[in-house]
Amino acid sequence: MSDTPTKIVVDCSTGEQQIIELTAQEIAQRDQDAADAAARREEEEAAAAALAALKASAKAKLISGQPLTAEEADTLVI
C-alpha cells in the first residue's frame, strides 16, 4: 500500500466509489490549510486567555475598590 494520502470520490447517483491518490498540489494545499487552522486556533486561544486575564484583573480591582481601566470596564459591560 502506498504512503501517498488518498481521497474517496463518490458518485451519488450510482453509489460508485473511487479511491484516488492526492496530487502534490492537493497535498501542499492540505498541509497549508492545516498550518493555517493551527495558527488560527493559537490566536483564538491567546485572545481567550487575554480576555480571561482582563476579567480577572477587573474582578480583583472591583473587590479591592481600585478604579478600572476602560478596557476592564468594557469586559464587564459586554
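Predicted model: local features only at pLDDT ≥ 70, side-chain atom pairs only at ≥ 80, totals over all residues.
Residues are numbered from 1 along each chain as its sequence is written, and side-chain values use heavy atoms, with hydrogens and water left out.

Next I looked up the fold. I found two helices and two strands, in the order β-β-α-α. These are DSSP runs, helices being H or I of at least four residues and strands E of at least two, numbered from the N terminus. The C-alpha atoms fill a box of roughly 70 × 30 × 20 Å along the principal axes.

Then burial. I noted that buried residues (under 20% relative accessible area, with exposed over 50% and partly exposed in between; 1.4 Å probe, protein chains only) make up 6% of the 78 residues.

I checked Glu72 in helix α2 (residues 70–77). Glu72 is buried because its relative accessible area is 4%. Beyond neighbours within four places in sequence, Glu72 is in contact with Leu54, Ser57, Ala58 and Lys61.

Last, I turned to Ile8 in strand β1 (residues 6–11). Ile8 counts as exposed because its relative accessible area is 56%.

Key:
Contact = heavy atoms within 4.5 Å.
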